[in-house]
Amino acid sequence: MRRSRIGCAGIAALAAVGLVLPDPAVRASPILLSSGQAITPTAAPGAVFASLHRGGAISLAVSPDKRTLLVLTSGYNMFRDRASGEAVLVYDIAAHAPVQRQVLRIPTAYAGISFAPDGNSFYVGTGGGDSVLRYTRTATGWASDGPPIPLGHGTGVGNHQGPSTAGLAVSRDGHILVVADIYNDSVSRIDLARGVVTGELDLRPGKETPARTGVAGGETPFWVAIRGNSTAYVSSQRDREIDVLDVSAAIPRLVTRIPVAGTPNKMILNRAATRLFVAADNDDSVQVIDTATNRRSARIDVAAPSHLLPPGPRYRGASPNALALSADEKTLYVSNGGENAMAVVDIRHLRAPVVEGLLPTGWYPDALAVVDGWIYALNAKSRPGPNPAYRPHKPAGQYVLQLEHAGFLAEPLPNAVTLARLTAQVAANDGFSRKPDPHDAAVMAALHERIRHIIYIVKENRTYDQILGDLGHGRGDPALVEFGRAITPNFHRLATDFVDLDNFYDSGAVSGNGWPWSTSARETDFNVKTIPLEYSRRPTHAPYDAEGQVRGVDVGIPTLAARRAADPDYPNDPDLLPGIRSDDAPDSPDDTSGPAHIQHGTLWDSALKAGLSVRNYGFFYDLDRYFPTERDFGRQNQAIPLLDDPYGSRIVVGYSVNPALMALSDPYFRGFDNRFPDVFREHEWAREFAGFEASGKLPSLTLLRLMHDHMGSFSAATHGVNTPELQQADNDYAVGLVADRVAHSKFRDNTLIFVIEDDAQDGPDHVDAHRSTAYVIGPYVRHGAVVSTRYSTVNMLRTIEDILGIGHLNLNDALQPPMTEIFDLTQTRWTYSAAPSQALYATTLPLPKRAQAGPILRSTHDAAWWTAHTLGYDWSHEDRVPAVRFNQVVWHGLFGGRPYPVRHRNITPP
């Protein structure tokens with residue numbers, strides 16, 4: 001492999017744009033992430049790395065003359081002090097080291113960018129703008145060339161789903177542009193000479209051939225590659241196939257469908273266009289298509305060199321998502337987003353390819369190119385650091401998605417010796433080189449023998465400082481406390497009586513990725529790319545598929561008849577996302593390719609596979625049923641009533657959307673709804689718990705969602721639980737009641753309760769915007785301990801798995817240790833008695849007789865004040881409110897004129 005060096009002129013150019021060579025002594029200093037991994041993007045000799053000060057760099061394109069590199073952003077990108085939106089960043093790479101020449105601002109974008117073959121024009125898809133932009137080279141740089149080319153989609157396919165562009169590609173002669181219409185399950189063909197769409201092809205089998213009505217296929221088309229002037233290849237993510245199209249005529253025609261393993265995303269052709277290489281998330285492979293036969297000719301495992309992989313099951317989680325070929329086409333470079341690395345693969349013999357090594361990158365690489373002995377890689381995320389924090393070089397904004405920025409890495413290709421060293425660095429970063437700890441194994445084995453039941457509680461959105469900053473021990477900042485001891489007495493007692501985890505990090509940044517991390521210990525590539533867009537509230541039309549629905553459709557129900565029976569307003573369209581496939585569900589680590597493997601990569605899937613029992617209260621429920629609108633398949637006046645005891649009247653209030661959980665979910669448990677107190681959610685769980693106690697058969701794994709610490713719906717909240725303080729106190733008391741009931745039950749000696757926030761997005765923390773609260777309650781848990789070992793969501797899931805004796809889910813939890821430090825095998829005695837915050841006595845909740853004399857603790861403002869200050873907020877789903885503004889409203893509502901924190905002297909996480 002070729003390796004080059006940076007000259008003096010290159011170094012000067014780097015300094016001019018902020019890309020500075022690191023000190024060799026600190027080149028490989030690891031940056032710790034909330035995933036439990038580390039990154040060392042500047043570990044390679046000659047590597048240069050810089051933040052783009054924008055979120056979500058998603059694609060790049062290199063000009064035919066190899067002198068210009070384009071970076072397309074697609075992320076949250078909502079800031080106060082400059083124009084929000086996306087951009088094309090234009091870099092000169094003629095001298096290898098990138099020098100930024102232009103920033104071309106665009107409102108929205110998603111994935112698609114491509115040069116014309118002559119290099120004088122390039123094209124960008126506008127994502128939710130449902131159009132294509134053209135830029136042309138001028139004497140002074142690149143400039144917009146004419147109005148956007150509209151694609152003409154009024155809506156997308158799904159429930160309240162809009163259209164969006166994804167990948168696009170230009171034919172060899174420069175006459176045709178093919179665009180993937182990702183949420184219309186179609187492709188559009190554009191005549192570039194006229195700048196018009198000549199035709200569109202719906203890729204669903206039922207739209208192609210009436211005899212195949214209701215058959216899944218062609219859905220969620222993401223990437224496009226064109227062979228010559230007539231054949232286009234399109235990756236269908238939901239249906240795991242490559243659709244081959246003839247695009248020579250005005251209206252494209254389907255030639256064939258090629259099934260592939262995993263979720264196909266980006267693709268590249270070799271120069272002769274005889275081979276198509278397809279990156280496949282969920283399979284950690286590259287699929288190779290023979291374009292002469294349109295058949296899969298090879299499958300390359302790209303997670304790591306074989307000697308690094310853990311023994312046993314073939315764990316997924318590397319998330320390959322982008323590709324590049326060396327100049328001689330003997331080496332394939334693969335961006336492995338889940339490993340924060342690039343795989344270097346020798347493909348001289350495709351029947352026996354060899355992963356030679358791994359190159360470290362920034363957090364979640366998702367685009368790369370190899371040009372003249374250099375490799376260029378984009379990554380989507382960065383560690384946000386403290387929130388609040390003062391960072392002069394960062395744009396204004398304290399929200400976690402404002403603090404997470406994409407990065408750009410450029411480095412010479414390594415020689416064999418350097419590649420070996422860098423591979424060892426990645427192995428250390430990701431835990432491949434971590435040796436099993438005999439003490440960990442012994443503790444987990446003992447707990448597995450003694451513990452028979454796990455209750456796993458997921459809450460919403462709080463930071464450590466926000467709740468426990470006044471704890472008096474642990475690393476808290478009292479100045480940042482919003483809901484301290486008086487509001488959350490149970491959380492304070494649980495952290496004091498048991499373990500204070502003051503160095504715990506939620507792996508997800510927001511609920512949209514927090515829920516996948518909290519249930520699967522990873523996030524799919526589809527989710528990484530779409531969730532920041534969905535949260536931006538710009539018209540990106542990115543869906544929220546993170547909790548089981550697909551574009552608002554309950555795909556846990558497989559047939560049209562069953563969907564219409566469940567919802568009479570469901571459209572009579574058998575081709576509307578038929579079947580139970582999702583483009584956003586993780587696979588299990590099994591080597592099989594059948595239905596038992598696909599989409600079965602969650603905690604409950606692993607428990608069920610091991611023959612354990614599972615009961616679900618609120619995980620992956622339908623998110624639309626409590627607030628129906630005319631946009632929701634025409635639903636009107638079908639809202640589910642707010643009942644304290646739905647079981648008493650046998651009215652179903654909860655609908656699971658996950659195929660595995662549908663028969664295991666309590667239909668009388670209410671899902672996400674801020675109007676409804678958590679105390680009554682706990683009461684419904686307790687009703688069934690009493691039955692389990694009577695029968696002596698408590699499920700091995702209980703999934704329990706207690707969500708009211710999310711806060712909201714102040715004007716419509718029941719029982720007077722209608723202010724932030726009261727909703728936090730309600731959540732606190734509900735969790736305390738769960739601990740209380742278990743402590744005084746026959747299951748007290750063999751049950752552990754794990755409590756986590758799905759994310760920490762809605763509050764300040766002086767250590768990191770991902771630092772959050774977590775609690776572990778029950779026998780064998782240490783008492784009165786502060787445990788400052790750095791743990792994350794992944795470590796908690798690993799601990800649950802080891803105690804239950806079930807399989808790990810992917811590379812993340814398989815490679816990271818359990819939370820052994822929180823346990824003491826001699827600590828068998830425990831108890832807990834819940835006590836409500838005195839603030840709750842201002843509500844009509846059913847509470848024990850008040851023992852404390854004196855006035856009731858009152859909220860700073862009443863419901864009318866909070867309603868007025870959150871006017872227009874959408875509380876129907878989690879995180880649909882303007883998070884930055886709401887965080888400010890909460891702070892000022894609680895503390896009046898006290899300034900919102902924007903600076904903290906301590907910005908170094910432990």
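Before I start, one term: a helix here is a DSSP run of H or I with at least four residues, and helices are numbered from the N terminus. With that in hand, Thr870 sits in the loop between helix H17, residues 863-869, and helix H18, residues 883-895. I'll come back to that loop. Please keep in mind that this is a predicted model.

The whole chain, to begin with. Its secondary structure comes to 18 helices and 40 strands. The C-alpha trace spans about 80 × 65 × 55 Å along the principal axes. For 910 residues, a compact globule would have a radius of gyration near 29 Å, and the chain has 27 Å, so the two agree. Of those 910 residues, 65% count as buried. As for contacts with a separation of 6 or more, 65% of them join residues 24 or more positions apart.

Now back to Thr870. Is Thr870 buried or exposed? Its relative accessible area is 4%, and the cut-off for buried is under 20%, so Thr870 is buried. Leaving aside residues up to four places away in sequence, Thr870 touches Phe714, Trp875, Phe886 and Val889. Phe886 and Val889 are themselves among the buried residues of H18.

That brings me to H18. This helix has 13 residues and reaches 18 Å from its first C-alpha to its last, close to the 18 Å expected at 1.5 Å a residue. Its buried residues include Ala883 and Val884 at one end and Gly893 and Leu894 towards the other, with Trp891 also on the list. What do the buried residues of H18 pack against? They pack against helix H3, residues 400-403, helix H14, residues 724-743, and H17. Just after H18, Gly896 takes a positive phi of about 65°.

H14 has another partner to mention, helix H7, residues 489-497. H7 and H14 pack with their axes 7 Å apart, at an angle of about 45°. The two helices are therefore oblique to each other. On the H7 side the residues are Pro489, Asn490, Phe491 and Leu494, and they meet Asn731, Asp732, Tyr733, Val735, Gly736 and Ala739 in H14. By class, the residues of this contact divide into six nonpolar, three polar and one charged.

The next helix is H15, residues 793-804. H15 has twelve residues and reaches 17 Å from first C-alpha to last, close to the 16 Å expected at 1.5 Å a residue. How many residues of H15 are buried? Twelve of its twelve residues are buried, and the helix is mostly covered. The buried residues include ones with charged side chains, namely Arg798, Glu801 and Asp802. Thr793, Val794 and Asn795 are also among them. Just after H15, Gly805 takes a positive phi of about 75°.

H15 packs against helix H5, residues 438-450, at an angle of about 60°, with the axes 7 Å apart. That angle makes H5 oblique to H15. From H5 the contact takes Met444, Leu447 and His448, and from H15 it takes Thr799, Asp802, Ile803 and Leu804. In terms of class, this contact has four nonpolar, two polar and one charged residues. Asp802, on the H15 side of this contact, is one of the buried residues of that helix.

Notes:
Residues are numbered from 1 along each chain as its sequence is written. This is a predicted model: local features need pLDDT of at least 70, side-chain atom pairs count only at pLDDT 80 or more; totals for chains, interfaces and linings use all residues. Side-chain values use heavy atoms; hydrogens and water are left out. The expected span of a helix is 1.5 Å times one less than its number of residues. Buried means under 20% relative accessible area, exposed over 50%, partly exposed in between (1.4 Å probe, protein chains only). Contact means heavy atoms within 4.5 Å. Axes are lines fitted to C-alpha atoms, for helices over the stretch in contact, and angles run from 0 to 180 degrees between N-to-C directions. Angles under 35 degrees count as roughly parallel, over 145 as roughly antiparallel, 65 to 115 as roughly perpendicular and the rest as oblique. The radius of gyration is taken over C-alpha atoms; the globule rule is 2.2 Å times the number of residues to the power 0.38.
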